[in-house]
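Subject: Model handover

Hello,

Please find the model below, followed by notes on what came out of it.

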Amino acid sequence: MYKFAFTNSEELLKLCKKHKAPISEIVIRYEMEYSKHKRPEVLSKMKKTRDVMEEAIGKAIKKPEKSAFGMAGGDAPKLFAALKSKNKMLSSPLVNRAMAYAAATGETNSAMGRIAAFPTAGGSGVVPGVILAAQHDWKISEEKAIRALFTASAIGIIIAEGATLSAAAAGCQAEVGAAVAMAAAAVTELRGGTPEEALNASALGLKSYLGLACDPLGGLVAVPCIKRNMLGASASCAASDASVLGIKSFIPFDEVVMAMKNIGKIMSTKLRETALGGLAVTKSGIMIRKKLGLPPLKPNEID
Amino acid sequence: MPSTASKSGPHYSVFDIAGPIMVGPSSSHTAGACKIGQMARALFHGTPEKVTFYLHGSFATVYKGHATDRALVGGILKFRTSDPRIKTSFDYAKKENINYEFKIANLGQKYHPNTVKIILEKWDRQPMEIIGSSIGGGMIKIVKIDQFEVDLKGVAGQFKTLIVWHDNNQKNLDLLKKELHRLGMRIHDIQTTKVDKHALSIINMDGRRLKLREVLDLEDLEGIAEVRSLTSLEK
């Protein structure tokens with residue numbers, strides 16, 4: 001018998017209640033049970049993941065690189081500079097920092113740098129963006145930040161069980177959308193929210209990303225992926241704010257996940273990581289196709 | 001409703017979601033492709049001389065931008081997903097005299113959009129055919145090995161996995177199980193696929209890492225054709 005197994009948020013909440021524990025603690029025990037590793041091993045593996053996140057962010061901020069075909073790169077330092085300037089930003093400094101970190105991760109990934117796919121490489125900026133920015137601004141311990149990454153993983157597990165984390169199967173909603181749900185829950189627990197509030201934040205976050213197409217230019221993880229991560233970080237923070245203010249998603253998280261699966265099934269393959277629809281077939285997209293040497297699109301390939 | 005996961009165990013490790021640590025840009029098209037390559041190499045005996053990749057679905061349309069081709073070859077060279085040599089894997093393949101070729105193919109509706117068929121060839125044996133799918137976030141599945149339909153999930157770290165080609169005789173398989181017990185392994189589950197008089201079993205076990213010698217000795221058992229160990233695969 002597995003005592004800490006769950007496949008949806010209802011089961012996860014039951015475990016939280018039964019053990020009077022936050023989501024992060026249940027997930028740490030879930031992994032100990034699954035991998036048969038002891039707590040320190042499980043924690044240190046996540047610490048390694050966190051360290052890679054930090055390294056990837058640092059790389060793009062300190063040594064900005066233009067990605068292939070000059071489509072992306074160099075934007076993270078602009079966001080970072082705003083933190084020191086006197087210009088008034090609309091978002092809080094934490095959100096500003098989260099956006100900077102998220103963009104930085106995406107830029108490093110695009111340049112074939114080392115990152116932690118969380119839950120995927122395409123959506124890898126949102127969670128480190130939000131969690132490492134919170135760690136910095138709230139001056140919390142590294143240990144707490146690591147725990148938050150377990151909370152985020154719980155949401156990823158639920159989405160993988162109920163739907164998918166593959167944009168080729170369900171579009172960007174399954175990558176950046178999933179990442180937004182993950183970050184929203186994690187930052188909600190980090191700020192002292194209850195498991196219910198954390199899952200509600202995920203529901204609010206993911207709902208806003210349902211139906212999002214995966215339509216990258218030339219099929220490269222660059223445009224629009226990096227900036228979607230950047231804005232996704234901001235959306236996660238907003239979803240968490242709304243949740244702790246008591247704004248409840250009318251649709252529970254598990255049902256939102258089912259909706260995501262349903263939309264994925266209906267979604268044309270042209271919008272699922274094939275570079276045959278949406279932004280990928282705009283004038284700019286076709287220019288990139290040419291530069292990449294991809295075969296020109298036939299008229300029947302574009303609707 | 002009681003959780004199905006509480007009985008049979010969860011389907012995902014936390015680190016399927018949190019990771020892999022990898023070189024970009026795509027977990028499914030770069031990291032996943034690398035893992036399918038690693039798995040193909042592990043299933044094949046020795047270094048292949050020629051490898052042909054049939055790219056299907058989204059693998060076929062956007063492989064270049066994601067370096068799917070370089071990642072697949074990197075996997076064949078046993079590079080990990082975080083290995084920066086993936087960027088220049090073609091050069092390393094040339095050094096090891098591995099010829100590679102990429103073809104666009106439609107493998108059929110039943111396959112996941114990120115799928116590749118790999119044919120590995122070497123002069124002294126039958127070519128091997130492997131079909132693998134990258135199912136998201138760097139997770140992969142091997143769905144076909146030669147004529148056998150299988151469902152082999154590419155998560156390293158949970159179990160030690162043995163792949164056994166045998167004559168589909170329960171007695172002989174029992175002898176193999178007995179031998180594994182003797183070596184101190186605990187069998188978690190066995191999936192067997194049969195085609196005519198041949199069968200392929202995937203054995204997931206807990207326990208120590210078997211030595212290469214011990215794995216090769218298993219092939220001397222009655223009715224056992226080949227045994228491959230996947231323990232050396234890690235994320």
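How many residues does the contact take from chain B, and how many from chain A? It takes 45 residues from chain B and 52 residues from chain A, where two residues are in contact if their C-beta atoms, placed from the backbone, lie within 7 Å.

Two points on conventions. This is a predicted model, in which local features need pLDDT of at least 70, side-chain atom pairs count only at pLDDT 80 or more, and totals for chains, interfaces and linings use all residues. Residues are numbered from 1 along each chain as its sequence is written, while chains are lettered from A and ligands numbered from 1 in the order in which they are written.

Interface. On the side of chain B that touches chain A, α3(B) gives the most, with four residues; helices (H or I, at least four residues) and strands (E, at least two) are DSSP runs, numbered from the N terminus. By class, this side of chain B has 17 nonpolar, 25 polar and three charged residues. Here Ala, Val, Leu, Ile, Met, Phe, Trp, Tyr, Cys and Pro count as nonpolar, Asp, Glu, Lys and Arg as charged, and the others, Gly among them, as polar. Strand β1 (residues 114-116) of chain A runs antiparallel to β1(B), joined by three bridges; strands pair if DSSP finds at least two bridges between them. I115(A) has M22(B) as its bridge partner in β1(B).

Core. The largest nonpolar core has 169 residues, and V130(A), I131(A), A183(A), A185(A) and A186(A) touch the most other members. Such a core is a set of buried Ala, Val, Leu, Ile, Met, Phe, Trp, Tyr and Cys residues joined through C-beta atoms within 7 Å. A residue is buried if 20 or more other C-beta atoms lie within 10 Å of its own, exposed if 12 or fewer, and partly exposed in between. Leaving out residues up to four places away in sequence, A183(A) touches V126(A), V127(A), V130(A), I131(A), A152(A), A233(A) and S236(A).

Chain B. There are eight helices and 11 strands in chain B, and 50% of its 235 residues count as buried. Strand β9 (residues 186-195) of chain B lies largely in the open, because the number buried among its 10 residues is zero. β9(B) pairs with strand β10 (residues 198-206) of chain B in the antiparallel sense over nine bridges, with D189(B) opposite N204(B). Their hairpin has two residues between the strands, and D196(B) takes a positive phi near 55 degrees.

Regards
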